[in-house]
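Please read the following report alongside the sequence and the structure. It takes up confidence, then the two chains, and then the contacts between and within them.

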Amino acid sequence: MSRGANSTKESVEGSGIKASRSRLRQAAVPYVFLAPFLILFVVFLILPLAYALVISVFADKLVGGTVFVGFENYAQALGDPAFWGGVRRMIYFGIFQIPIMLGLALVFALLLDSGAAWFTSVFRLGFFVPYAVPGVVATLIWGYLYGPTFGPFSQIADYLGLPAPAFLSDAWMLPSIANIVTWEFTGYNMIILYAALQAVPTEVRDAGAVDGARPWQIALYIRIPLIFPAILLTGVFSIIGTFQLFNEPSILRANAPGVITSGYTPNFYAYSLAFVNQEYNYSAAVSFALGAVVVVFSYVFMLVTNRREVSA
Amino acid sequence: MAATPTRKAGSSSNILGSRLVVTAFLLVFLTYSLLPLFYLVVSATKDGAALFSSFGLWFSSFDLFANLKAVFTYDGGVFKYWLINTAYYSVLSALGAAFAATIAGYAFAKFHFKGRTLLFAIILGAIMVPPTALVIPTYLLLSKVALVNTPFAVILPSLITPFGVYLMRVYAEQSVPDDLLDAARVDGAGEFRIFWSVALRVLAPGFVTVLLLSFVQTWNNYFLPLVVLNDPNLYPLTVGLTLWNSVASGGGGAQNLYPLVITGSLVSILPIIVSFLFLQRYWQGGLTFGSLKD
């Protein structure tokens, strides 16, 4: 470390070499600060992605071993009913689950922000608690709650003389998973929207109230448009999360092995391909194909919602 | 809120009525949010027989301590290792991730350098990369360097938090005044000393937020350890508990494992819930910053 006296002497003498060396050192500082993160970023994010991309254009052949096959794996994925079955299932899932979850989150955020209830801080905290529960544990608990033998819902139905609700049956599995996801993430999304609402300057909110607008009008025409970017953010994250669904189906498989097939979700399919079938190359291609699907859906979502924002 | 005296009695009772309705509505969702946790606590106090025979949402026998003892002694006390492993992976990952994110975020916020905009755009783009898409190629690469089935396989990939860098950049821009840094520079302090002894102190709340978020992320992680570990003694709680659950669901007299899965689940979420309740403001701080800029 150069001390103060040292640097004054430098500037007085105006030594060209010294000055340029210290300027060089100065210029290197931000890169040194970035180095720990960037090294990890390259090794554990860029490199795996690049590696997956490379292996996705190779295949293990009985004759000739691992050979370059170009887009053959991608072509196979595009024609793979198991892959598309999973994608279609996730689209179904998202069409119902995302609006319900984000709608609830938005309503709660608006209500809590406007102070339209008592004990708002208790609700805010209570709604957020499920987010602190690991997805694995949340799924285990809901799996037991859904259980046909000792699940409380079955017990209540039994007591009332009704047939046990078949939460884990083929027809009900997707709504049952949607419920777990909604339980986990409504509070999280609510907090993001609530924080955005809190950041709105008080003068802006009060402007509507002074004009004598009704609370729902203020919400619809002033507060919601103001936090539109935050709503968009939660929407994109929800779409990405939906296509990535893995924990819930893979754990519920223990409870209902017949219902959850290896292609139940695209991500579960990629996992099964890699670790059950040892088809690493094809699995990588499926992962990238899924990534492309996610990008397309996120992009379409942004396009549609942005147009709505302009026309509003 | 104090009602203004000029307000008519009718409208204030209207307000009271709507408050009542809104509060009741919120109470319904609060019940939904807490019911599974209540069920978990109730079930953790039951032995295997009571779990099947008594009503799920109310207490019956009280065997919490017997269950806890069983959780910690079953299968040679493997749960103890899961708990220690989880804590070990989470603490190291969180410290490393928070440090790397803080120093990088500070560099983005306080220095002008070549490639800054591009680098930051790439890091922001990485927030969108699904972590699960990385796990399989990460496993393949780690197996090439014989790191699979070691603690490093869980810790190292958990050290990158692009979202943390983004948070710390926003935080450093808002909280570290340039005057403070310039004053330290005039005093002749080197950039590293300025970071350590001046900036880091101001950045501490943001650092804690990233620390907490990474800690919880690693504590709750399932997919990565499931893929990169196959020695049960190295498992974290999430993978261990699902192992017990699938054994229990497999039947064949293994159903006595259910109380262990339930009680073990309760033990596994306690540290997170407690940290969440006590460090609330840091959690919410992170999410607030995240939504401000986007």
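## Confidence in the model

Among the elements of chain A, helix α1 (residues 4-13) has the lowest mean pLDDT, 44, whereas helix α4 (residues 81-114) has the highest, 95; helices here are DSSP runs of H or I with at least four residues, strands are runs of E with at least two, and both are numbered from the N terminus. For chain A the mean pLDDT is 86, and 89% of its residues reach 70 or more. Where pLDDT is low, the predicted coordinates should not be read in detail.

This is a predicted model, in which local features need pLDDT of at least 70 and side-chain atom pairs count only at pLDDT 80 or more, while totals for chains, interfaces and linings use all residues. Residues are numbered from 1 along each chain as its sequence is written, and chains are lettered from A and ligands numbered from 1 in the order in which they are written. The model scores ipTM 0.85 and pTM 0.87. Chain B has a mean pLDDT of 87, with 90% of its residues at 70 or more; within this chain, confidence is lowest in α13(B), at a mean of 59, and highest in helix α6 (residues 151-155), at 96. pLDDT stays under 50 over residues 1-9 of chain B, for which the model has 2 contacts beyond four places in sequence, and the pLDDT is also below 50 over residues 290-294 of chain B, a stretch with 12 contacts beyond near neighbours in sequence.

## Chain A

Chain A contains 14 helices and 2 strands, and 39% of its 312 residues count as buried, a residue being buried if 20 or more other C-beta atoms lie within 10 Å of its own, exposed if 12 or fewer do, and partly exposed in between, with C-beta atoms placed from the backbone. Of the contacts in chain A between residues at least 6 apart in sequence, 67% join residues at least 24 apart.

Helix α8 (residues 173-198) of chain A has 26 residues and reaches 37 Å from its first C-alpha to its last, close to the 38 Å expected at 1.5 Å a residue, where the expected span is 1.5 Å times one less than the number of residues. α8(A) is mostly covered, with 21 of its 26 residues buried, and it bends by about 40° at Phe185(A), the bend being the angle between axes fitted to the seven residues ending there and the seven starting there. Elsewhere in the chain, Phe119(A) lies in the loop between α4 and α5 (120-132) and has a positive phi of about 55° although it is not a glycine; Phe119(A) is partly exposed, because 13 other C-beta atoms lie within 10 Å.

## Chain B

Chain B has 13 helices and 0 strands, and buried residues make up 43% of its 294 residues. Residues 24 or more positions apart account for 72% of its contacts with a separation of 6 or more.

The 21 residues of α12(B) should span 30 Å at 1.5 Å a residue, and the end C-alpha atoms are 31 Å apart, which agrees. α12(B) bends by about 35° at Ile269(B), and a proline, Pro271(B), follows within four residues. In the loop between α5 and α6 of chain B, Ala146(B) has a positive phi of about 60° although it is not a glycine, and Ala146(B) counts as exposed because it has 8 other C-beta atoms within 10 Å.

## Contacts between the chains

In the model, 72 residues of chain B are in contact with 71 residues of chain A. Elements that give two or more residues to the side of chain B that touches chain A include α1 (9-43), α3 (64-110) and α9 (191-220) of chain B, and the largest share of that side, 12 residues, comes from α1(B). By class, the side of chain B that touches chain A has 47 nonpolar, 20 polar and 5 charged residues, where Ala, Val, Leu, Ile, Met, Phe, Trp, Tyr, Cys and Pro count as nonpolar, Asp, Glu, Lys and Arg as charged, and the others, Gly among them, as polar.

## Domains of chain B

The domain assignment of chain B gives domain 1 (33-62) and domain 2 (67-293), with bounds that come from an automatic or database assignment. Taken over C-alpha atoms, the centres of these domains are separated by 32 Å, and their contact takes 8 residues from domain 1 and 9 residues from domain 2 of chain B.

Note on methods. Two residues are in contact if their C-beta atoms, placed from the backbone, lie within 7 Å. pLDDT is the predictor's confidence in each residue, from 0 to 100.
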